[in-house]
Amino acid sequence: MPDVKGIPLDAPLYHGGKNRGSAFLGCQAINLMFSVGHEANCLLPKELAPAANPAIAIVGVASYRSSTVGPYLECYSGIQVRDPDGETGYYIPYIYVTVNDAALASGREVLGAPKKLAHIRLIREGGLIQGTLERPKGKRLLTLTAQPDERMSSDSRQIYSARTNFYSVRQLPPIIESGKELWLILGDAA
């Protein structure tokens with residue numbers, strides 16, 4: 001029986017959980033890091049503050065050719081933040097995946113990631129790499145294009161470290177008990 005909460009016992013979409021870990025092999029990605037103004041603050045939960053002034057944001061498109069939940073593409077965005085304990089990480093307000101129910105469900109159920117389905121492409125042509133996000137198909141929301149001319153620095157690779165904190169907000173539906181609504185509020189750093 002899988003050690004994951006919130007899925008049917010007889011029909012899991014994936015086999016795993018926080019204690020089993022994840023593997024992503026053959027990953028290709030394009031990322032853009034940039035500074036943003038105070039408008040980013042409206043996206044942050046009150047417990048988190050931008051780690052820099054001006055705030056640093058990231059947006060990217062990644063292709064996971066092989067992972068513990070199968071192959072899929074992902075488009076993510078984040079803001080570098082500091083939590084109440086002074087730890088830094090990335091608050092992830094939006095994340096999209098291609099049609100892979102295991103990638104969608106495992107991210108939402110295990111990590112609390114705000115994953116939604118979208119049409120994502122990552123192509124390499126000549127020296128250019130381009131990532132796109134459409135939702136719905138035909139409605140372009142994002143295009144990233146780059147011509148890499150050097151390897152990623154060790155400082156930039158820090159976002160992919162196993163020690164990087166990723167934060168998201170989990171919102172659970174109301175629980176009805178004897179005609180009364182009970183609200184359960186949870187917070188968790190993924």
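Biologist: Where is the place of P54?

Modeller: In this predicted model, P54 sits in the loop between strand 2 (49–50) and strand 3. Most residues other than glycine have a negative phi, and most peptide bonds are trans. Here the peptide bond from N53 to P54 is cis, with omega near 5 degrees.

Biologist: Which residues does the other cis peptide bond join, and what is its omega?

Modeller: R135 and P136 are joined by a cis peptide bond, for which omega is about -5 degrees. P136 is likewise a loop residue, located between strand 8 (128–134) and strand 9 (140–146).

Biologist: What pattern does the chain follow when read along the sequence?

Modeller: The pattern is β-β-β-β-β-α-β-β-β-β-β-β-β-β, that is, one helix and 13 strands. Of the 190 residues in the chain, 37% are buried.

Biologist: How many salt bridges does a search of the whole structure find?

Modeller: The general idea comes first. Side chains of opposite charge can pair when their charged atoms come close. In this structure the search finds two salt bridges. In one of them, the side chains of K115 and E74 meet at 3.3 Å, N to O. This pair links distant parts of the chain, with K115 in strand 6 (residues 115–117) and E74 in strand 4 (residues 72–82), 41 residues apart. Both K115 and E74 are buried.

Biologist: With which residue does E134 form a salt bridge?

Modeller: The partner of E134 is R140, and the closest N and O atoms are 3.5 Å apart. The two partners may be read through their relative accessible areas. E134 has a value of 16% and is therefore buried, whereas R140, at 44%, is partly exposed.

Biologist: Which residues have the most contacts inside the largest nonpolar core?

Modeller: They are V69, Y72 and I95, in a core of 14 residues. The elements that give two or more residues to this core are strand 3 (55–67), strand 4, strand 5 (88–97) and helix 1 (101–111). Strand 5 supplies the largest share, four residues. There is also a second, separate core of 13 residues, which includes V59, V61, L73 and L133.

Biologist: What is Y72 in contact with, leaving aside its neighbours within four places in sequence?

Modeller: Its contacts include F24, A62, Y64, V97, T98, A103 and K115. One of these partners, Y64, also forms an aromatic pair with Y72. A pair of aromatic rings is described by the distance of the centres and the angle of the planes. For Y64 and Y72 the centres are 5.0 Å apart and the planes are at 55 degrees, which is a tilted arrangement. The search of the whole structure finds two aromatic pairs. Y72 has a relative accessibility of 4% and so counts as buried; Y64, with a relative accessible area of 12%, is buried as well.

Biologist: Is T98 buried or exposed?

Modeller: T98 is buried, because its relative accessible area is 14%, under the 20% cut-off. T98 lies in the loop between strand 5 and helix 1. Beyond its neighbours within four places in sequence, T98 is in contact with Y72, L73, L117, A118 and I120.

Biologist: Which residues of helix 1 are buried?

Modeller: An α-helix has 3.6 residues a turn, so residues three or four places apart point the same way. In helix 1 the buried residues are A102, A103, L104, A105, S106, G107 and V110. The cover over these residues includes strand 4, strand 5 and strand 6.

Biologist: What caps the N-terminal end of helix 1, and which residue follows the helix?

Modeller: N100 is the cap: one of its side-chain oxygens lies 3.0 Å from the backbone nitrogen of A102. N100 is also among the contacts of Y72. After helix 1 comes G112, with a positive phi near 75 degrees.

Conventions: Residues numbered from 1 in each chain as written. Predicted model: local features only at pLDDT ≥ 70, side-chain atom pairs only at ≥ 80, totals over all residues. Heavy atoms only, no water. Salt bridge = Lys/Arg side-chain N within 4 Å of Asp/Glu carboxyl O. Buried < 20%, exposed > 50% of the residue type's maximum accessible area, 1.4 Å probe, protein only. Core = buried A, V, L, I, M, F, W, Y, C linked by side-chain atoms within 4.5 Å. Contact = heavy atoms within 4.5 Å. Phe/Tyr/Trp six-rings, centres within 6.5 Å; stacked < 30°, edge-to-face > 60°. Polar contact = N/O pair within 3.5 Å; in protein donor to acceptor, adjacent residues only side chain to side chain.
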